[in-house]
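Please open the model in a viewer and keep the selection panel at hand.

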Amino acid sequence: MNADAVPERIAEVWGARTPYRRGDAWPRRADIHLEEGVGESDVDRWVRSACVLCSNGCACDIAVKDGRMVGVRGRETDLVNHGRMGPKGLYGSWQWNGKDRLTRPLIRRDGELVESDWDTAMDLIVRRSQELLDEAGPLSHGFYTSGQLFLEEYYTLGVIGKAGLGTPHMDGNTRLCTATSAAAMKESFGSDGQPGTYADIDHCDALFLFGHNMAETQTVLWSRVLDRLAGPEPPVVVAVDPRRTKVAEAAVESGGLHLAPLPGTNQALMNGLVRELIVNKWIDEDYVAAHTLGFSELEKTVEPYTPAHVGEICGIEPDTLARAAEIFGTSERVLSTVLQGFYQSHQATAAACQVNNLHLLRGMLGKPGGGVLQMNGQPTAQNTRECGADGDLPGFRNWENPDHVRQLAELWNVDELTIPHWSPPTHAMQIWRYAEQGSIRFLWISATNPAVSMPELPRIREILGKEDLFVVVQDGFRTETAEFADVVLPAALWGEKQGTFTNANRTVHLSEKAVEPPGEARADLDVFLDYARRMDFRDRDGDPLIGWQTPEDAFRAWQECSRGRLCDYTGLSYDKLRGGSGIQWPCDGERPDGTERLYADGVFTTSSAACEDFGHDLLTGGTVSATEHKALHPDGRAFLKAAEYTAPPEEPGERYPFVCTTGRTVYHFHTRTKTGRAPKLRRAAPEPWAEVAASDAAELGVTDGDLVLVESARGRVEVPARIGRVRPGVVFLPFHYGYWDTGGEGHPRAANELTMTEWDPVSKQPLFKIGAVRVRKVEG
Amino acid sequence: MHLATYLGLLHTSLNTLADAFREVGRGHGEEPDVEHTCLLLAGRIDRQTDALAPIVERYGEDREEEPERLHAAGLEGTRSGGVGLLRDLQDLYALSSFTDITWTVVGQAAQGLRDRELLDLVEDHEQETSRQLTWLRTRMKQAAPQALIAAR
Ligand code: SF4
C-alpha cells in the first residue's frame, strides 16, 4: 500500500473498519507510515520489531534508509495486530530519532550536570556502590526500572541485584501500571500468567471492560472490537468507567451498558455482580465444585451487596447492575478485560479478583471467547514480572518456597542466602520511602521517569534531591528525573538495540537493531554487564557471575531459568522468532508453536509446590503462610477470593469536594519522553486539561477553555477546563505531562502533583484514580 | 459462674486494642499502609465489640472486680523511625495475642454451655484476630531487615 493511501490517523484514530463475523479471522490491514518524501521503494532495509508504546505490542517492521529510521509498517502475518498500527506506533515510535538525545554520560560537578565519559561515569557509580556495600551492605541499594526494557536486560539486572548484590530492593514502574494484574492472577490462579488471549475478541458474544479505556490505551486492540461490532453477530459490550468514554458509547450502542460507579467503589460493584450471579444461579456448579475453593466464604461475603445497596454505594441505578449481571450470567462466551480504572483504584486486587471470580463461577476460562485478560499498561511489563527485575523472583518462583530459591541458587551457582527471600521483595512505594528515610542511599533508575510518573510529585522531587541519595539515571533523553541525577548514562532506545519482549497476550517478539545509537549511547544490557564486570561479581566457584555478553546469550540463560515453569521459553529461539511472527508462551518441546490459552483443563497453578505465591488477605495484605496454604490442599483448584467493600482512604468532603481521577489518553505514552517529541502526536495533544461535568462547570462558573486551578492537600495544577463527560462530582486529569517542554516555569501541570501516596494492600499499586480536590476558575 | 469476668476482660481488651491500633495508625502517618490498615482494623474491632452486646446482656459482665493484672496495658504513645515502627507493631502483636487467647477461653466456656450464638461469634472473631496477627507479622517481617541493618 502506498503511504499516502493511509488515512490521517490523528483524527481517524482506529482507521478504516474491516468488519468480520464471530469466529472468523480478523481481516488483515496493512498500516504504514514513512517520513515525508520517502516512498516504499526508497527504503534500504526493513527490520523486524514490535511497537513498545503500549502493552498491545503490535508487530512491525522498521524502515531504514541511509542508516536512519524513516518509518514503520505493521506486520500483517502477526497474531497481535494483523498489520495494524495505532497513531502512537505510526507517528511516535521512531520520529524522535536523532533529536536532542543524550549522547554522552553526564556527571554532577558543583551542582551542575557536565559531559563526561563512560569510564569516569562508571567509576563513580562503582566507587559509590562499593563504599556503601562496605559501610551498610546491599540493603543500601535500590533499582527502579521500567516497562520499556527488553527481557534480556531485565533478566540480567535481576541476576545482578539478586545474586550479585543481594538486595531485595528492585522494582519497576510496572508497579504503577500492572502490579495488580499480576497480583490478581496470583491470588486466583496461583501464578502470574494471562489465561486468555486477544483472539478471544473474535469469539466472544459479550465483552466486559472493567476500568479499561481500550479505545485510548490500546488503540489497535480496540480496532479489533470495532470490527466485530461492525460485522454480523456483534458482541454485547459492557463498560465500567466513571467517564462516558468511546468505550462506554460503543457499549450502549451495542445494546449493552455503561456502568459509571463513583471512583473508589469498584469492589462494591463487583460484589454486587457476583451476588447476582449466585442468587440467580447463573453459575456452573460442577465447575465450581471441581475446580475452585472458597465458594461458601465468597457467598457469605457478597450476601449484603444487593442491587439497591450497591446502587447506593456506587451511585448507579440498581437495575443497571442487575442487567449487567444478567448479560454476564446468560451469554455463551464472555470475555473480560481489566485495566487501570481497577488497578489504580481503591481495593484494586480485590476488585480484579472478583472479575476472575465471575469467570470461575461460570467456568468461563480457557475456551475461545470465554476468558479474562488482566491487562498491562506498559509493553514489556510482562517481562519484569517474569524475569525478576520487579518485586518477584524470576520464572514466577515463590520467595517463600525453599525449593524455588534453591533452584535459582543452583542455576546461578551462588549461596542460597545471597538471594533475598526473607520477605516479599520490596515494592516501589517502599523503595522510595526507604530512600526518603535515608536507608537506601544508592538508587539506579533505568528507562523511566519517576519525577513525572510517581504519585505526589512534590515528595518525589524532594527525595530525588536529597544530598545523601546517589542517583543514577539511564535513559535516552534528559528527562525531568535526569535533572536530579548524580550520574546520567545515555541509553540506546528501541530500534538501536536487540532483544525480545512479551506483551499482555504472552506473545513474544524479537526486536532487532535497525540503526546505531547516537553518539556514545549504549544498550541497557551493555551498561548492566559493564557494571557487573566492574563490580567483579563472582559465583561460588570464583567465575564471573554473569556468563553472557550478547542479547542472544542472555536470552538462552533466561530460557534455562524459565524451564519447567508456567512461562516456559525453552521452545523458542531468536531464529524461530525470525520465522513466524509472534509466539505465545509457554513454548517448549511439547508445545513448539506456543500456547494460545491457559487453564483450558481447569487445572490451575495452585499446588503448594508450583504456585508463585501462597496468597494474601485481600483486606490487609497479610500473607498466607506455607503451612496454611498446604492445609488447604488447593491441588490445582483456583481460589474464589472474597473481600467486603471498605471506604477509600480519601473521600470528597467540604474542603475538597471533587474526586479527581487521572489517566492516559490516546496521543501520549509514558511521560511523553518519546511521544511528546513526535510532531504529530505533540500537536494533537500539546498540553493537559481538566475535564469537568457540564453541571459542575456551570456551578463553578467555568466555560470551555477557562484556566482552572485544581488543588489537593498535596499539590496543585493550573490547566484549561474541558467540559467533558465525566460524571458529576468527578474531575479527570490526563497524566504524564511533565515539564521538559515548558521552559521551566514552576510545577503547575503534572496530574501527579495532586495524587496520593497510598497503595493497594496486596499489589502495592498506587491509587491514581481517587483523590479529593477542589476546583476554581483562575481569574484574568 | 465466672464467665462474666472473662466477658468483661474481653470487652476491655477489645477497647484497648482498638485504641492501640488507632494510636499506632495515627502515629505512623508517614507509612500510609500502616496508617490505613491500622484504622481499618480498629474499625473492625469496634464492630466486634458491638457484636458482643447481646452476649453481655445474657451473661452480664464483671468489670470492677477483675484483678488488676488481668488488664492488657494499652499504648502510651508511638515511637519514630524504622525501629520505632517495629516496636509499635510488636506491641500491637502482644495486645492482639492477648485478645486472641481471651476469645479462645470464652469459646471454651461457650462449648461447655452449648451456646451456639456465642460459639459462632467466637469463630468469626478468631478469624478477625488471626487477620490482625497475620498482617502484623507480614508487616514486621518486611520492615525488620531494613530497620535493623540499613537504617542509620
Ligand atoms: S496499539 Fe500500542 S503497540 Fe500497537 S501501534 Fe499503537 S501504541 Fe504501538
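Begin by selecting chain A and chain B together: in this predicted model, the two chains bury about 2,400 Å² between them, with 48% of that area on carbon and sulfur atoms. Next, highlight Leu139(A), Arg433(A) and Thr620(A), which contribute 20% of the area that chain A buries against chain B, more than any other three residues.

Six salt bridges are found between chain A and chain B. For an example, select Glu644(A) and Arg44(B), whose side chains form a salt bridge at 2.0 Å, N to O. Polar contacts between the two chains number 13 residue pairs.

Among the residues around it are Cys51(A), Cys54(A), Cys58(A), Met85(A) and Lys88(A). Select helix H1 (87-92) and helix H8 (219-230) of chain A; each supplies at least two residues of the shell around the ligand. The shell consists of six nonpolar, five polar and one charged residues.

Finally, colour chain A by pLDDT. The mean for chain A is 94, and 99% of its residues reach 70 or more. Residues 1-6 of chain A fall below 50, and this stretch has eight contacts in the model beyond near neighbours in sequence. Where pLDDT is low, predicted coordinates should not be read in detail.

Definitions and conventions. Residues numbered from 1 in each chain as written. Chains lettered and ligands numbered in written order. Predicted model: local features only at pLDDT ≥ 70, side-chain atom pairs only at ≥ 80, totals over all residues. Heavy atoms only, no water. Near = heavy atom within 4 Å. Helix = DSSP H or I, 4+ residues; strand = E, 2+ residues; numbered from the N terminus. Nonpolar A, V, L, I, M, F, W, Y, C, P; charged D, E, K, R; others polar. pLDDT = per-residue confidence, 0-100. Contact = heavy atoms within 4.5 Å. Buried area = accessible area lost by both parts, 1.4 Å probe. Salt bridge = Lys/Arg side-chain N within 4 Å of Asp/Glu carboxyl O. Polar contact = N/O pair within 3.5 Å; in protein donor to acceptor, adjacent residues only side chain to side chain.
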